[in-house]
Amino acid sequence: MVEALGDVLAGPLHPPSPDGIAALRAELDDAARASTVVGGWSADEPLRLSKHLVTGLLRCPRRALGEDQGTSDEIIVGWVVDAAAKLATVSPRRTITVDVAVAFLTALGDSTVADHLADLGSAAARLKAEAAMRIDRLAAAGLAGIDPGWWPRVEDPVRVALGGGAVTVAGRMDVLLGGPPTGRPGVILEVKGGRWYDGMRADGHLYALMVALRDGEVPASAVTIVSDGTSHVERIRPALLQHAAERLDEAMGIAARLAAGEPPAMHPGAHCQHCPVRPDCPVGRAWRPGTAEDAS
Amino acid sequence: MTVDDPVGAADRLRHRVAGGIAGAGVPAGDVYVGWGAALEAATCPPRYRAQGEHGWAFPGWSPPLAAGACGRAALAHHIARADLAGRPPALPMPLDAIRGWMRSLRTPHESAAGPPVERSSVGDWICETWEAGDSATLAAVAAVAGRWLAGFVRVLGWPLPAQLTLLNAPGPAAVPAPSWRPDRASPVTVACGADARLGRVTGAGGFVLAVHRVTTGDDGALRDRAAFEAAAGALGIGVAPASILVTAGDTGERVTAPVDQQLLALGAERIVAVVTQRAVAAQQGFDPTDATPSPACRHCDHVADCPPGQAWMRVAERWRGGLPVAPPVRAAL
């Protein structure tokens with residue numbers, strides 16, 4: 001049987017013991033200090049890592065270091081879906097439409113989506129229709145009507161300083177349920193606006209590690225809710241936390257070498273298909289040639 | 001140097017700050033000195049000066065700005081309801097507490113069994129938003145204020161510490177935040193941004209001011225924040241606090257900064273600097289000579305007219321968050 005959010009919250013939930021958290025922090029502090037020797041960061045000018053950057057550095061440093069490419073239609077649709085999920089969590093009685101989700105984002109001080117749609121004019125209709133379809137698929141995920149005892153909160157911030165503050169890892173969880181002081185175990189929800197792929201799991205693992213370091217309690221589950229209808233439930237185990245810590249360690253090491261001047265490695269893969277720097281990347285173009293531009 | 005005489009220390013601080021303000025020159029218009037202004041004036045004086053009346057003024061309520069005010073008000077309302085019922089307050093459910101407070105604002109006549117609802121600026125804004133049917137904004141307020149409340153309670157623990165009094169929130173379970181003016185005619189108001197006080201105010205001091213930061217990334221150095229709130233609190237209350245408890249939602253930190261003469265002096269410096277910069281702005285407007293470039297230059301509206309900022313950006317543009325921004329691959333090969 002495929003588990004969904006409702007099954008997770010119905011329990012039983014058995015979070016791992018917090019006994020290993022101190023050791024994980026010590027390992028990461030050591031790794032951060034070792035990387036800082038090479039990278040040259042300091043508490044005043046630290047390495048600032050996010051979930052996207054950790055994944056990016058491990059996947060393809062060349063792309064991770066690329067200039068910010070701005071917004072695309074796909075990113076905008078993802079943001080609308082993300083906002084709709086958060087709105088469903090804090091305002092469960094509402095039927096969530098694209099317009100309401102965009103208004104919610106604007107009220108929160110982010111007018112990027114509203115501006116993008118306005119700039120598109122009548123062409124925005126296609127984008128809004130796509131977003132509406134994905135929001136409809138999210139409706140079954142169980143985000144609305146969560147028992148208030150779970151303390152649903154959206155965009156809960158988490159920040160971990162390592163190596164005396166020379167490395168910071170920061171993020172905002174889409175939705176966080178439970179955890180101290182609720183008396184219930186923590187459950188992390190990550191909402192994804194695209195299609196499910198296995199690499200999405202890493203974000204939940206990293207947040208589980210960061211919440212454990214922040215709260216001193218290990219969350220019980222990380223649930224990834226995807227707008228293609230997938231709900232992926234991950235019971236947090238010590239091995240997953242260790243794996244997340246190892247990824248973070250490796251990302252810090254790569255970042256240190258890049259900061260020291262090493263040219264960024266180029267790792268081709270499926271991510272090349274949507275990579276904004278692909279036109280300038282011979283390795284990426286060679287991985288899947290075929291378009292006229294690639295052949296040029 | 002420790003504070004042996006909390007009342008005398010506050011009195012001396014008042015004279016010191018009043019003297020500093022008097023010597024700062026004459027600012028144009030009213031000057032509200034809160035932590036936000038102090039941080040901006042200290043971070044880059046030209047950038048602060050360039051904001052002008054529009055930038056210095058309160059921009060009006062919005063969900064992000066109202067998070068703390070609504071979170072405190074809702075928590076105060078929750079505690080007051082329990083007090084009225086003669087029972088200890090249960091752990092508040094953040095979203096329910098926010099919605100309950102909003103409902104009480106809308107229907108005070110139906111709240112006979114609840115605590116009296118006091119008028120407040122943020123409460124009036126909530127009512128206006130409700131009447132306008134702006135449900136998206138109300139949902140955004142619930143999201144951000146619920147997050148504030150949850151973080152505050154998570155970091156301080158539940159039950160809240162003994163003798164905790166919420167500050168700067170309307171309602172019978174809270175008291176106004178300390179504020180101070182050098183004299184009645186002064187255009188300067190110094191406002192303490194503490195969220196709570198632990199302990200009673202007596203001439204012996206001994207009380208603690210608590211400041212909750214949802215995130216730490218944009219709030220400046222912890223010691224600077226503690227110094228400002230210590231000085232502003234001492235000015236407003238007339239007694240120097242024993243310490244400042246600075247908490248952070250994103251890191252879960254609870255850091256106690258003991259209040260000593262150095263901390264008060266640093267806070268006084270920050271307060272006077274705001275008035276000084278406003279006076280300079282009245283005379284000179286934007287002048288980048290004393291700019292202190294930082295990552296804030298990336299988003300500064302005045303960087304095009306600021307040589308120090310431009311010089312900093314020429315280097316900073318090649319770095320982002322401790323990593324180099326990659327050149328085009330062809331150039332790197």
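**Entry 1: a hairpin in chain B**

How many residues stand between β8(B) and β9(B) in the hairpin that they form? I looked this up and found 5 residues between the two strands. In the turn, B:Gly252 has a positive phi of about 75 degrees. I note that the model is predicted: local features need pLDDT of at least 70, side-chain atom pairs count only at pLDDT 80 or more, and totals for chains, interfaces and linings use all residues. Residues are numbered from 1 along each chain as its sequence is written, chains are lettered from A and ligands numbered from 1 in the order in which they are written, and side-chain values use heavy atoms, with hydrogens and water left out.

Helices (H or I, at least four residues) and strands (E, at least two) are DSSP runs, numbered from the N terminus. Two strands pair if DSSP finds at least two bridges between them. I saw that β8 (residues 243-248) and β9 (residues 254-258) of chain B pair in the antiparallel sense over 5 bridges. Opposite B:Thr247 stands B:Arg254 in β9(B).

**Entry 2: a sheet in chain B**

I next followed an open sheet of 3 strands in chain B, ordered β1-β5-β4, with mixed pairing. Why is one side of β1 (31-33) and of β4 (179-180) of chain B left without a neighbour in the sheet? Both stand at the edges and each has a single partner strand, so one side of each has no neighbour there. β4(B) runs antiparallel to β5 (residues 188-191) of chain B, and 2 bridges join them. Within β5(B), B:Ala191 is the residue opposite B:Ser179.

**Entry 3: where the chains meet**

I then turned to the contact between the chains, where contact means heavy atoms within 4.5 Å. Chain A brings 50 residues to it and chain B brings 41 residues. The two chains bury about 3600 Å² between them, 62% of it on carbon and sulfur atoms. Buried area is the accessible area (1.4 Å probe) that two parts lose on being put together, summed over both.

A salt bridge is a side-chain nitrogen of Lys or Arg within 4 Å of a carboxyl oxygen of Asp or Glu. By this rule I count 3 salt bridges across the interface of chain B and chain A. A:Arg159 forms a salt bridge with B:Asp250, and their closest N and O atoms are 3.1 Å apart.

Which element gives the most to the side of chain B that touches chain A? I found that α8(B) does, with 11 residues. The residues on this side of chain B divide into 24 nonpolar, 10 polar and 7 charged. Here Ala, Val, Leu, Ile, Met, Phe, Trp, Tyr, Cys and Pro count as nonpolar, Asp, Glu, Lys and Arg as charged, and the others, Gly among them, as polar.

**Entry 4: a link within chain A**

Over all chains the count comes to 27 salt bridges. I examined the pair A:Asp73 and A:Arg126, whose side chains meet in a salt bridge at 3.2 Å, N to O. A:Asp73 lies in α5 (residues 73-90) of chain A and A:Arg126 in α8 (residues 124-138) of chain A, so the pair ties together parts that are 53 residues apart in sequence.

**Entry 5: backbone details in chain A**

I recorded a cis peptide bond from A:Gly11 to A:Pro12, with omega near 0 degrees. A:Pro12 is in the loop between α1 (5-10) and α2 of chain A. The bond from A:Pro180 to A:Pro181 is also cis, with omega near 5 degrees. A:Pro181 is in the loop between β3 (167-177) and β4 (187-192) of chain A. A:Trp151, a residue other than glycine, has a positive phi near 55 degrees. I placed A:Trp151 in the loop between α8 and β2 (153-162) of chain A.

**Entry 6: confidence**

Finally I checked pLDDT, the predictor's confidence in each residue, from 0 to 100. For chain A the mean is 91, and 94% of the residues reach 70 or more. Where is confidence lowest in chain A? I found the lowest mean, 40, in helix α12 (residues 292-295) of chain A, and the highest, 98, in helix α2 (residues 21-39) of chain A. Residues 290-296 of chain A have pLDDT below 50, and beyond near neighbours in sequence this stretch has 7 contacts in the model. Chain B has a mean pLDDT of 91. The model scores ipTM 0.93 and pTM 0.93.
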